[in-house]
Amino acid sequence: QVQLVESGGGLVQPGGSLRLSCAASGFTFSRSVMSWSRQAPGKERELVAWFTSAGSTTNYADSVKGRFTISRDNAKNTVYLQMNSLKPEDTAVYYCKARPNYGLGPDYWGQGTQVTVSS
């Protein structure tokens, strides 16, 4: 079955960095559109970084542009989110999402990983 397992979250001071990982299994990762979203307490889930196709073209929410980088390693079936210059407002649970079959498949979500930015 499809599994997405996020890791790498934690507590970091403002201005710090974290790298999130999402290990995927149960579908053809290289043919999937991958993305990262986040949800802060009391707020709606927000899409922050995504591949526009199963290839390498990326896009970002304005709130993270220039600070976050999404990448993928198809050999390891893993998608990453490098987060730099973190701010307290980046505090949220971060989720990866897969849409297999070149984006035509259903959405699958991981369980999420908590990121807390605080001094």
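**Exercise 1. Classify Asp90 by its relative accessibility: buried or exposed?**

Step 1. Take the cut-offs. Buried means under 20% relative accessible area, exposed over 50%, and partly exposed in between (1.4 Å probe, protein chains only).

Step 2. Apply them. Asp90 has 0% relative accessibility, so Asp90 counts as buried.

Step 3. Note the basis. The model is predicted: local features need pLDDT of at least 70, side-chain atom pairs count only at pLDDT 80 or more, and totals for chains, interfaces and linings use all residues. Residues are numbered from 1 along each chain as its sequence is written, and side-chain values use heavy atoms, with hydrogens and water left out.

**Exercise 2. Find which side chains meet Asp90 in a salt bridge.**

Step 1. A salt bridge is a side-chain nitrogen of Lys or Arg within 4 Å of a carboxyl oxygen of Asp or Glu. Side chains of opposite charge can pair when their charged atoms come close.

Step 2. Take Arg38. Its side chain meets that of Asp90 in a salt bridge at 2.9 Å, N to O. Arg38 lies in strand β4 and Asp90 in the loop between β8 (78-83) and β9 (92-99), so this pair ties together parts that are 52 residues apart in sequence. Strands (E, at least two residues) and helices (H or I, at least four) are DSSP runs, numbered from the N terminus.

Step 3. Take Arg67. The salt bridge between the side chains of Arg67 and Asp90 is 2.7 Å, N to O. Arg67 sits in the loop between β6 (58-60) and β7 (68-73), so its pairing with Asp90 ties together parts that are 23 residues apart in sequence. At 10% relative accessibility, Arg67 counts as buried.

**Exercise 3. Describe the surroundings of Arg38.**

Step 1. Arg38 belongs to strand β4, residues 33-39. Arg38 is buried, at 6% relative accessible area.

Step 2. List polar contacts. A polar contact is a pair of N or O atoms within 3.5 Å; within protein, one must be able to donate a hydrogen and the other to accept it, and residues adjacent in sequence count only if both atoms are side-chain atoms. The Arg38 side chain makes one with the side chain of Tyr94 at 3.0 Å. Another joins the side chains of Arg38 and Ser63 at 3.4 Å.

Step 3. Contact means heavy atoms within 4.5 Å. Leaving aside neighbours within four places in sequence, the contacts of Arg38 include Glu44, Val48, Phe68, Glu89 and Val93.

**Exercise 4. Contrast this with the salt bridge of Lys65 and Asp62.**

Step 1. Get the distance. The closest N and O atoms of Lys65 and Asp62 are 3.3 Å apart.

Step 2. Get the accessibility. Lys65 is partly exposed at 47%, while Asp62 is exposed at 66%.

Step 3. The structure holds six salt bridges.

**Exercise 5. Work out which strands stand at the edges of the open four-stranded sheet.**

Step 1. Read the order. The sheet runs β1-β3-β8-β7, with antiparallel pairing. Two strands pair if DSSP finds at least two bridges between them.

Step 2. Identify the edges. β1 (3-7) and β7 each have a single partner strand, so one side of each is left without a neighbour in the sheet.

Step 3. Check one pair. Six bridges join antiparallel β7 and β8. Asp73 has Thr78 in β8 as its bridge partner.
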